[in-house]
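Work through the exercises below with the sequence and the model side by side. Try each task before reading its solution.

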Amino acid sequence: MKIWRLKAPGGSSAARWMQWRTNTSGLRMPRFAVSSGVTAAFAVTLILLLGVAAAYAQLPEPKAHTFPLGGNRAAVWVVAQLHILFAAFILGAPIFIVVSEILGWLSGENYAARYRYERLAKEVTKVTVILYSMTALTGGLFIFVLLATYPQFTAWLINHFFAVFAIIYPLLFIAETIILYLYWYTWDALQGPKKGRHIALGALLNIVGLVTLFVIDGPTSFMNTPVKSAEGLDLKTFIETTATLWDKMDNYTWWPLNIHRTVGNVVFGGFIAGLIAAYMYLASKTDEDRAFYDWFGFVGNMIGVGALLVLPFAGYLLAYELCDYDASICPYMMADQLSMFFEMQGAMVGLIFLASNYYIWLSMKRIEGIERIRMSLATLLLMVSVPVVFMMVWTKFPIPDKMAFIIPAVYVGAWLLIGKIIPWTVSSQTMVKVAFLMVIIGNAIWMTPHAFVATQALAPDDGSLSLPHGEVSLGFITISWDMLALMPAKNAAAFTLVFVTIINYIMYNRALRNGRIIWGKIDFVSQFVLVFLAFSAIWTMGLMGVVRELTRKYFHVFNLQYDFTPESFTPTLAYSSWLITGITVTFYIIVSFAIVLTLRTGKDKAVAEVPKAVPVPAGAK
Amino acid sequence: MPEEKSLLRLVVTKGILGAVIAVVVFVAAKLMHFPPVFQIMFMLYVLLGTIVYILLDAPALPSFTGAKAIAALVAFYALVSGAFIAGANVLPQYDPSVEKGKIDKIVKPKLAMTEKGKVDELLKRSEELNARSQAIMKRLETIGGAEVKSIAASTGSTGGAAAAKSAGGGGDLIALGKDQYELQECYNCHKIGGKGSVKKRGPILDNIGNLMKPEELKEKLLNPRAWMAEGFDKEYAKKLMPDKYKELMADQEVDALIAYLSSLKDTSVETPKPIKK
C-alpha cells in the first residue's frame, strides 16, 4: 500500500511542515476576524432576543400575527429546520475536527499525515465558524417568528422553562462562543508541546456544545412526551403545579432524542465534510489539492457512514420510547396519517446506503491489487441469509427479548467460525456485487408496507380497495406475505443494510492494507456521490424532523396544550416534500457560499506552497 | 481490475438482463398473489438494481472544472430535488380535510372551555345580539306596529324551536358514541365489523356489549389497568392502552362512547373475554 508521505526536495519534511505552519498562521487569521466578529454580533443578537422572549412571555394575552406567505406553521417550520440544520453542523463538525486534530497529533514524526489531518481540521473549522453565525441568526429568527405567530403557547413554554431559556441556554451559548474563539485563535500558538492544550480546548468545545444540545432538547422532547405524575395526578395539574424543571426536562424521550441528535450530528458533520471536500476537489487545479481533497472526502464519508450505521438504532430507540409513552402514537406514525412519510424514509435510507457503498466501491476500484483481495465464502452466505434468518428469529422472539440478541450473535459467530475452518473464498468483486444485491433486497423489504394507502387504520379485512373516507388504496399485501410488512422484517432489513456496509468496509480496509492506493485518482463521479450523500442526509433529517413534530398531532404539547389554530392538521407528504426540499436547497446555498467564501477565496500562497505529496509504499520511513 | 466496457455496451447487456429479471419477478409476484402495486414496486427495484449494476461497471467519468463543474452541480441538484419531490408525490396522500373535520369536533369544545374561548364566545354572542337588535330597531323605525308584532312573534318562535331542539338534546347517543370511537381513533388498535387495526394491538369489540356491563366498560376506559382482554397479556403488560381518556374526554363524550360500545352485541364474532384485574 502507498500512503501519503512528504517528498521534500528542498529540505527536510520537518522543515517544510514548520514552514507551512508559519505561512498559514501569518496569513489566515486576520481575514478570519471578520467572520468571528459577525459570529459575535449574531450571538449577542440571539441572547438579546432570548431576553426579549423571556420578557414577552410575561405579557398578558399577546396577539398572534399571521405570516403572509404560506401561513404561520410553514414560517415556523422553515426557520426551525434551518436553525436545526445549522446547529447540527456546528455541533457535529467539532467532533470531527477534534478527532482529526488528535489523529494528526498522534501521527508524530509522520509529517505528511500530520499535515493533512491538521489541514482538514483547520479547513472544517473555518467553515464551522461562518456557519456558527448562521446558527445564531436563524436561532434568533426562530424565536422571533415563534413569538409573533404563536405568542400564547410560546409564552406558556417559556414560563415553564424560564431558567432554561433565560439563563442556562444563553450562558451556554456565550461559553460556546468564547471557547470557539479561543479554539480558533490559539490554533497556531498552541502547537508543538502545547498541542495537547489545544486539543483539550476542542474537547471542551464539544462538551459545552453537547450540553447545549441536551439542554434545548429538554423543552423539545417535553412537547412530545410531557412527564406524567408518578402519584396519579392528572397531567395538567401535575405540570402546572407540582412538576419541577428537572421533571419536565427528564421526560420519556429526552435521552433518546439526545442520543439520536448526537449521532445524527456526527453523520451530518461527516457528510458535510464530504461536501466540502467534493466542492474543493471539483475546484482543484493541482494534483496536490486533488489528492488532499480526495482523502478529505474519504474521511468525511467514512465518519458519516460510520455514524449512519448506528442512526437507525438510535431512531428506533426514540420511536420505541414515543410508543411506550403513548401507544396511540405508534399507529399514527406507522399505519395512519404518517405511514407514507415512513415509506419515503425507507426510500431515502436505501438510497443513502446505496450511495455510501457505491462510494466505497469507487474508492476500492482505484486500489492496485484489489483483485487479490478475497473474502470467505461463509461471509458471503452469512450476508445472503441475514434478512430471512433474522426476520424469522425476531418474529419468534420480538426485541427486546434476550433471545432476540443471543440467537443472532450465535448465528453470526457460527458462520465466522465456519469461515475460519473452510478455506473457500470469493473475489472482492463478487462480494461487492452480492453486497449491492443485498442492499437492494434489504431496502425492498424495508419498503414493503401492508398497503400503499395513506391511512390503513380503517382497512377492511378482505383488502378491498374502497376505504371509508375515500382515500386512495393501491392494494393490500396478502396474508401469506404480511410478515414482510411487520416490524421484525423491518428490523432485519435495517440490520442487513448495516451489516453489508460493515462487510464492505472490512473488505476495503483489507484492500488498503494489502494494495496500493493513489489519492487524487478516484473516479470523478465519486464527488457527485459525496454531494448526493450530503443532500440526501439533510433531506432525510428534514423529513424525520417533520415526523417527530407531527406526532404531537393537534397539540402543541402532546395531550396537554391544544393547538387551536386552523393549521393543526397533518399536512400531506407532497406538501411536506416541497417545503423540505426548499429548506434543504436554501441550506445548501448558504453552506456552498460559506465554503466558497472561506476556502476558495481564502486560497493563498500558504496553501499553494505546501509540500507536495506523492504515494510511497506503506511502511517506508 | 478487469478492462472497462463501453457505457453503451454495458447499458445494453445489463439492460437486457434486467428486463429478463423484471419479467421473472413480475410473474413470480403475480403467482404469489401480490397485488399489482407490489408487482410494480418489485419491478422498480429490479430497475434500480439494473442501474446500480450499470454504474458499478461504468467507465470513469472524465474530470472537469470551472463553469462546467458549476453547471453540472446545479443540474445535479435540480435532478435530485425533482426526484425526491416526485417520489413523495407519487405515494398515496392523506386527505387533510378528513382530519380537519375530526380536529374541529375535538378541539372546538376544548377551546370553548378555556378563558379565551369563553371570552371569544361571549364577544361573538354580544356582537350577534348587537347586530340583531340594531336590525330590529331599524325596522321598528321604518315600519308600523303590525310589523313589530310579527317580528316579536317570529323571534319568539325561533327561540322556542331552538329550546326544543336543545331539550331534545342528547340526540342519538349511540351515534355520538360511534363518532367518539372514530375521533379518539380507537380503530388504530381495535376492530369492529372487520374494520380497524391490521395489527393485533387490542381486542376485537364486536360482542363487547354482551361481555361487559356499561359501568365495567367505563372503568376500563378510564382506568385501563382495571381489565385485561384474554390473550392480550403482553399488550396488558406493556400498558398499550393509553390512560389519558379520563383527562381528554368530557363526561358526555365518555357516556356516549360507552353507550356505543354497550350496543355492540354481535355474537357471531369471537370477542376476547374480559378479565378483571
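**Exercise 1: Chain B**

Of the 277 residues in chain B, 20% are buried, where buried stands for 20 or more other C-beta atoms within 10 Å of the residue's own, exposed for 12 or fewer and partly exposed for the range in between, with C-beta atoms placed from the backbone. This is a predicted model, in which local features need pLDDT of at least 70 and side-chain atom pairs count only at pLDDT 80 or more, while totals for chains, interfaces and linings use all residues. Residues are numbered from 1 along each chain as its sequence is written, and chains are lettered from A and ligands numbered from 1 in the order in which they are written.

Task: state how many helices and strands chain B has.

Solution: chain B has 12 helices and 4 strands, these being DSSP runs numbered from the N terminus, with H or I over at least four residues for helices and E over at least two for strands.

**Exercise 2: Where the chains meet**

Task: find how many residues each chain brings to the contact, and which elements of chain B take part.

Solution: begin with the totals, which are 72 residues from chain A and 62 residues from chain B, two residues being in contact if their C-beta atoms, placed from the backbone, lie within 7 Å. Next, look along chain B, where helix H2 (36-57), helix H3 (66-90), helix H4 (96-113), strand S2 (195-196) and helix H11 (245-248) each give two or more residues to the side that touches chain A.

**Exercise 3: Two domains in chain A**

Task: locate the domains of chain A and describe their contact.

Solution: domain 1 covers 2-366 + 517-607 and domain 2 covers 367-516, with bounds that come from an automatic or database domain assignment. Between them, 25 residues of domain 1 of chain A are in contact with 26 residues of domain 2 of chain A. On the side of domain 1 that touches domain 2, helix H13 (residues 339-365) of chain A gives the most, with 15 residues.

**Exercise 4: A:Ala314**

Task: decide whether A:Ala314 is buried or exposed, and name its contacts.

Solution: first place A:Ala314 in helix H11 (residues 311-325) of chain A. A:Ala314 counts as buried because it has 20 C-beta neighbours inside 10 Å. Leaving aside neighbours within four places in sequence, A:Ala314 is in contact with A:Ile259, A:His260 and A:Val263. Finally, A:Pro256 lies 58 residues from A:Ala314 in sequence, yet their C-alpha atoms are 7.0 Å apart in space.
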